[in-house]
Amino acid sequence: MMLMVWLIPLLPLLGFLFIGLLQKKLEGTSAGWIGSLTVLASFVLSLLLFFLHSGSSDEYTLFEWINLGVLSIPFSLMIDQLSLIMMLIVTGVGFLIHVYSIGYMKGDDGFARFFSYLNLFIFFMLILVMGSNFLLMFVGWEGVGLCSYLLIGFWFKTPEYNAAANKAFIMNRIGDLGFLLGILLIISTFGSLDYNSVFSSAASMPDNQPQIIAITLLLLIGAAGKSAQIPLYTWLPDAMAGPTPVSALIHAATMVTAGIYMVVRSNVLYSIAPDTLFIVAVLGTATAVFAATIALAQNDIKKVLAYSTVSQLGFMFAALGAGAYTTAIFHVTTHAFFKALLFLAAGSVIHAMGGEQDIRKMGGLKKNLPVTFTVFAIGTLAIAGIPPLAGFFSKDEILAHVWVEYKYLFVALALASVFTAVYMFRLFFLTFYGDFRGSQRQKEHLHESPGIMTTPLVILAILSAFGGFLGMPEIFSDKHIIGSFLQPVLAYPSQLILSKPSHAFEWSLISVFAILLLIIILYTYRKFVSNKNIPLEDGSVKGLSRVLMNKYYVDELYDYLVVKPAFFIGRTFHSLVEKSIIDRTVNSIKPILISTSGMLRRIQTGGIGFYIFIMVFSIIAILAYNLLIS
Amino acid sequence: MNSLIILAALGLIILFSEIFNFKKIIFPIVFAGIIAAIVAALGDWNNSASYFNNMIRTDNYAVSFSVLILFITLLWFVMSSSMFEDQETRTDYFSLIVFSLIGALVMVSFTNLIMLFLGIEILSISMYALAGSKKDNLASNEAAMKYFLLGAFTTGFLLFGIALVYGITGSFNTDQISEYIMSTGHSSSPVLIAGILLILTALTFKIAAAPFHFWAPDVYQGAPTPVTAFMSSVVKTAAIASFLRLFGSAFAGPSEFWIATLWVISAITIVLGNILAVYQTNLKRMLAYSSISHAGYMIMSVIALNEKAASSLLFYTAAYGISSLAAFMVLLIVSSKSGTEEISGLRGMFSKNPIMASAACIAVLSLAGIPPLAGFFAKYYIFSAALQSGYTGLVLIAVAGSLVGVFYYFRIIINIFESNVQMNDLGVNVFNKAFLLICSLLALLFGILPGLIIDAI
């Protein structure tokens with residue numbers, strides 16, 4: 001058992017080392033297959049573990065990692081329901097994306113390098129979700145951040161891509177600082193970082209203790225950085241500079257959900273800090289609406305999906321804020337399926353279009369890319385929340401819980417949900433219906449992607465279609481599979497009894513949304529297909545759309561408020577403090593050091609007589625001091 | 001205990017190999033013998049027993065340092081294979097090294113002052129001969145002569161000190177000495193204190209701490225590089241381990257009479273070693289001074305004299321041993337190919353010899369104490385042990401000394417990465433590359449997972 005648990009993260013690490021060290025020697029697509037197989041092996045092991053799991057929370061300690069007397073941190077992994085679900089998502093979706101990448105990245109100069117990074121990412125992600133204390137989570141957290149940075153800037157010869165990678169890294173650092181401070185505060189409050197001991201001592205604390213509020217808020221900053229919430233979300237859309245499989249794996253399915261995992265993992269802390277939960281809900285709802293409106297006016301196929309991811313992550317945070325932790329994980333799961341599917345399908349489209357990502361230059365791809373079209377359609381229906389596809393159940397559940405807890409936030413979140421359908425069908429119709437609007441060369445080049453890319457797409461499409469049955473609402477089934485599975489992880493549900501919405505409300509929610517969706521589909525079809533209302537060129541957009549297209553000018557705002565002042569402070573300190581004070585001090589020590597050294601060097605004469613003289617003299621001095629003076 | 005017997009037998013086998021003419025396969029035999037000794041030593045783990053009328057005890061302290069010494073020797077054999085190329089002398093060198101190991105093992109497991117003396121002499125006499133093993137080289141001969149004269153001189157003090165302690169306590173056994181000092185009011189007897197201080201100065205000489213360090217730069221520079229590496233790793237480890245074993249047990253009672261002296265010695269050693277290293281342009285001499293400064297840090301564990309002292313010293317000697325071996329290996333390769341031992345001889349190494357250059361950087365960074373390498377945690381544990389016992393001033397001096405250390409260690413790195421000059425591909429063989437790789441990985445491993453060693457004792 002111990003070995004099995006440890007092999008799960010170890011295999012991708014070995015894959016990384018093997019591919020990374022031998023990347024020049026591996027020929028053809030072998031690096032891709034090796035990388036995929038290690039992840040497949042981890043997936044199979046996770047699956048085995050899932051079926052063997054007894055229902056308890058087990059810890060597997062490899063060794064004592066850091067022992068400072070007051071604080072002891074073991075290097076140990078934890079297997080419970082939450083980590084199992086996350087492991088299955090990471091390795092399962094990860095494996096599919098690995099296989100897809102073999103086709104997508106074929107012929108790229110950095111083929112082997114790409115897979116070594118991907119394997120390293122899987123390793124760190126597994127450490128993140130499997131670690132049994134906050135420090136190991138932090139190790140994984142930083143590790144996935146590093147891999148994300150490396151993969152966003154994968155095509156490092158393009159300067160803008162490097163800028164995007166830097167932006168992602170720096171934005172995440174801000175969040176990481178919050179996380180780190182939170183960890184330090186946990187140490188000073190609880191004297192431990194181990195989940196079990198922290199949560200068991202937290203369970204007996206009264207609500208809204210100042211230090212618990214502080215800890216949860218600091219952790220929330222970390223989560224907001226990694227999971228792209230307001231105000232730290234701007235890195236995620238730029239992160240689309242990386243290869244599309246990376247966007248699917250890291251920036252949609254797995255890494256960005258780490259923040260949600262972290263909050264669910266520390267649900268005991270959040271449950272005794274209702275004030276923080278309220279902030280989480282507001283933040284999530286705001287992000288959901290804000291990002292959804294931006295997505296309405298984007299014309300880059302990946303940018304739309306990126307803002308959609310930000311918005312969906314906002315939904316998950318809203319669920320967390322309502323205390324519906326299992327619902328958030330449910331949405332993480334379904335979102336991993338359909339968003340990975342959408343990104344990979346978009347990758348297939350980009351592949352066929354020869355690198356073109358602007359939907360204004362697409363259109364009518366339905367004929368040429370039948371498989372991609374079908375799976376994209378399923379993904380769109382799933383994310384828009386058409387029953388009975390995956391997104392319907394999870395989103396419906398989020399809305400229901402938010403309705404119970406915060407009525408006014410529900411309105412905003414419902415609006416975001418409507419926007420979701422609008423921007424997704426806009427994207428879908430513009431890409432696949434109507435006439436082809438690209439160049440003649442592109443038209444001739446159009447082709448369906450090879451089987452190695454479409455097979456993962458089909459599997460993900462099936463999961464997106466049926467994944468929702470993991471968590472059916474009470475009106476359809478009395479068994480919520482994910483909910484009841486995760487129940488033991490929520491160790492103290494008595495503190496936060498989720499009141500369930502009435503069945504009448506559930507029915508009306510479903511029927512109202514079904515009608516709304518139908519209207520939206522008809523409206524977008526008429527607008528973008530029948531009336532051929534293609535978005536205008538960038539320069540001629542006016543009014544609100546222009547603001548939306550420019551993402552509310554948030555990047556410009558940050559540049560003005562943060563980046564420029566930061567650079568100014570940096571320059572000032574460079575010239576005032578570093579050059580004139582620090583450098584001068586250090587530089588003046590150097591000659592002193594060298595001249596002292598040169599002087600002292602002379603006592604090393606090389607003559608034995610002198611050495612013996614000094615030795616005898618020293619011994620006499622030592623004896624005299626100790627025996628006569630003191 | 002069995003490891004001592006195995007080593008003694010191994011030494012004899014090596015000598016016989018000359019007579020019965022199987023010296024061609026002597027290398028694997030030595031290798032296997034030392035591994036057998038490691039296994040035998042590990043067999044004594046948690047199995048403390050006394051041997052030879054209570055003269056040696058295989059407690060966990062002895063076992064962990066024995067294993068460390070044997071393991072470092074094993075690594076050392078890999079790096080110094082060039083020393084054994086000459087068919088005429090190889091058996092002599094092999095046997096000298098193995099016999100010196102016996103001395104080292106006795107030094108870390110003695111419970112009797114006579115055994116301490118014997119261990120030191122077995123080790124030292126082998127080293128005198130090895131220092132002069134390049135017979136046609138004047139510097140090597142001079143080094144051997146200097147080392148021998150000064151060493152013999154110090155031996156006199158050691159014996160005198162032992163005699164004085166015996167005169168007061170009536171015993172050579174460390175337990176009985178300790179018991180005697182604690183039970184009677186004789187702890188402040190001037191004769192006893194004089195004896196303790198004379199032993200202290202003799203041991204200080206062995207680990208090359210100031211002001212008894214003068215032999216070290218000259219001998220280190222003059223001796224053949226592999227021998228220097230052996231002296232700065234194995235010999236130093238054995239000497240400091242015997243230091244702590246003696247002063248942490250027998251003389252721990254009257255510590256107020258020697259700790260102030262040792263405090264000053266440690267401070268002077270750290271300051272002097274680091275400052276003098278700054279001026280050196282010769283890499284070997286620089287490493288010699290750096291090794292002196294490390295002796296100063298190691299002494300801090302003896303001064304701390306608490307329950308953390310032993311584990312922090314074990315970690316320090318392991319980290320230092322591995323990194324300094326790697327550094328000497330690089331020196332050995334570069335000097336044998338280009339004929340120079342100057343630091344400038346490392347210029348532009350990185351472009352054509354990336355593996356060696358990276359290993360050199362890791363070794364140097366570890367010696368300087370930069371995280372996440374072994375050297376960082378080594379310093380951290382020693383400093384925190386000293387802080388726990390309240391020696392804040394000494395720790396401040398040690399930290400300042402480390403900062404000076406960064407200055408000269410980084411000069412090596414700057415030279416390695418110099419891009420104006422291009423060093424030729426030195427054609428480092430697979431053996432040496434593997435050695436450098438192992439040293440680097442160990443330095444990283446101990447730095448990332450310090451718990452592996454620190455929890456050993």
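This is a predicted model: local features need pLDDT of at least 70, side-chain atom pairs count only at pLDDT 80 or more; totals for chains, interfaces and linings use all residues.
**Entry 1: the layout.** I looked up how chain A is divided. I found domain 1 (1-132), domain 2 (133-549) and domain 3 (555-629). I then turned to domains 1 and 2 of chain A. Their C-alpha centres lie 23 Å apart.

**Entry 2: the extent of the interface.** I listed the residues in contact. Domain 1 of chain A brings 48 residues, and domain 2 of chain A brings 59. I also looked up the buried area. These two domains of chain A bury about 4,700 Å² between them. Carbon and sulfur atoms carry 80% of that area.

Entry 3: I searched between domain 1 and domain 2 of chain A for salt bridges and got one. I noted its partners: the side chains of Asp80(A) and Arg265(A), at 2.7 Å from N to O.

**Entry 4: the domain 1 side.** I asked which elements of domain 1 of chain A give two or more residues to the side that touches domain 2. They are helix H2 (30-52), strand E1 (58-67), strand E2 (72-79), helix H3 (81-104) and helix H4 (111-130) of chain A. H3(A) gives the largest share, 17 residues. I got 34 nonpolar, ten polar and four charged residues.

How values were computed. Residues are numbered from 1 along each chain as its sequence is written. Chains are lettered from A and ligands numbered from 1 in the order in which they are written. Side-chain values use heavy atoms; hydrogens and water are left out. Domain bounds come from an automatic or database domain assignment. Contact means heavy atoms within 4.5 Å. Buried area is the accessible area (1.4 Å probe) that two parts lose on being put together, summed over both. A salt bridge is a side-chain nitrogen of Lys or Arg within 4 Å of a carboxyl oxygen of Asp or Glu. Helices (H or I, at least four residues) and strands (E, at least two) are DSSP runs, numbered from the N terminus. Ala, Val, Leu, Ile, Met, Phe, Trp, Tyr, Cys and Pro count as nonpolar, Asp, Glu, Lys and Arg as charged, and the others, Gly among them, as polar.
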